[in-house]
Amino acid sequence: MTTDLAFTVFRIGFLILLWLMVLAVVATLRSDIYGTFVTPRGSGRPDPARKKKSAKKERRAAISRQPTKLLITGGPLTGTLLPLGTAAISIGRAPSSTLVLDDPYVSTKHAELRQVDGEWTLIDLGSTNGTFVEDERVFQPQALVTGTPARIGQTTFELVS
């Protein structure tokens, strides 16, 4: 009688263990398919429903001010603000980059944003898929003005004051 009871407990325990393994596999597949969920950080861009007149005034005022931050406006890191200092900002997939972009269209060392003669300049470091400023591919160092959109892979960003 005790062997039947022990055998039944062993069978139920084994069945529970199998179900836990199946659930772990399903959870792993789910995270691979849907990826990680990134919560938006920061306020992001202003609401597009604003009037055109006030948007033009804001853009003119933003252009006249010196940029102090890098704002991610599109992609997985939307809303992220990076403060601009005196050091260059390296952009790429490498963990050593200042701005790490986990994107298959981004090279390990894709681009660099550095201050040259008081202006922030975007430099493509020979990437495969290119760096774009206002939807035009950058082949030589390109000065970035406040509010000008730039794109690397699926991520768009701009300088803000």
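Is Asp-135 buried or exposed? Asp-135 is exposed, with a relative accessible area of 67%, where buried means under 20%, exposed over 50% and partly exposed in between (1.4 Å probe, protein chains only). The structure is a predicted model, in which local features need pLDDT of at least 70, side-chain atom pairs count only at pLDDT 80 or more, and totals for chains, interfaces and linings use all residues. Residues are numbered from 1 along each chain as its sequence is written, and side-chain values use heavy atoms, with hydrogens and water left out.

Asp-135 is placed in the loop between β7 and β8; helices (H or I, at least four residues) and strands (E, at least two) are DSSP runs numbered from the N terminus. The phi angle of Asp-135 is positive, at about 60 degrees, although the residue is not a glycine. Glu-134 lies in the loop between β7 and β8 as well, and its phi is near 50 degrees, again a positive value in a residue other than glycine. Most residues other than glycine have a negative phi. Glu-134 counts as exposed at 52% relative accessibility.

Phe-132 has Arg-137 in β8 as its bridge partner.

β7 and β8 belong to an open sheet of 6 strands in the order β2-β1-β11-β10-β7-β8, with antiparallel pairing. The edges are taken by β2 (81–83) and β8 (136–137), each of which has a single partner strand, so one side of each is left without a neighbour in the sheet. Strands of a sheet pair through backbone hydrogen bonds, either parallel or antiparallel. Gly-153 is found in the loop between β10 (150–152) and β11 (155–160) and counts as buried at 17% relative accessibility. Gly-153 and His-110 are 43 residues apart in sequence, with a C-alpha to C-alpha separation of 9.6 Å.

A further open sheet consists of 5 strands in the order β4-β3-β5-β6-β9, and its pairing is mixed. Its edge strands are β4 and β9, each of which pairs on one side only. Strand β3 (residues 89–92) runs parallel to β4 and is joined to it by 2 bridges, with Val-100 in β4 as the bridge partner of Gly-92. In the loop between β4 (99–100) and β5, Val-106 counts as buried at 2% relative accessibility. The C-alpha atoms of Val-106 and Arg-93 are separated by 6.3 Å, the two residues being 13 apart along the chain.

Strand β5 (residues 111–116) is joined to β6 by 6 bridges in an antiparallel arrangement. Val-116 is bridged to Glu-119 in β6. These two strands form a hairpin with 2 residues between them, and in the turn Asp-117 has a positive phi of about 55 degrees. Strand β6 (residues 119–124) is mostly covered, with 5 of its 6 residues buried. β6 is also joined to strand β9 (residues 142–144) by 3 bridges, running antiparallel, and Thr-121 has Ala-143 in β9 as its bridge partner.

The salt-bridge count comes to 1, under the criterion of a side-chain nitrogen of Lys or Arg within 4 Å of a carboxyl oxygen of Asp or Glu. The salt bridge is formed by Arg-114 and Glu-112, whose closest N and O atoms are 2.1 Å apart. Arg-114 is partly exposed, with a relative accessible area of 35%, whereas Glu-112 counts as buried at 15% relative accessibility.

Helix α1 covers residues 2–34 and contains Trp-19. Trp-19 is exposed, with a relative accessible area of 54%. Trp-19 is also part of a nonpolar surface patch whose members include Phe-14, Leu-18, Val-22, Leu-29 and Tyr-34, and the patch has about 1300 Å² of accessible area together. Patches are made of residues with over 30% relative accessible area and no salt bridge; like charges are joined within 9 Å, and nonpolar side chains (Val, Leu, Ile, Met, Phe, Trp, Tyr) within 5 Å. Accessible areas come from the Shrake-Rupley method with a 1.4 Å probe, and for residues only the protein chains shown count as cover.

Methods:
Pairing = 2+ DSSP bridges.
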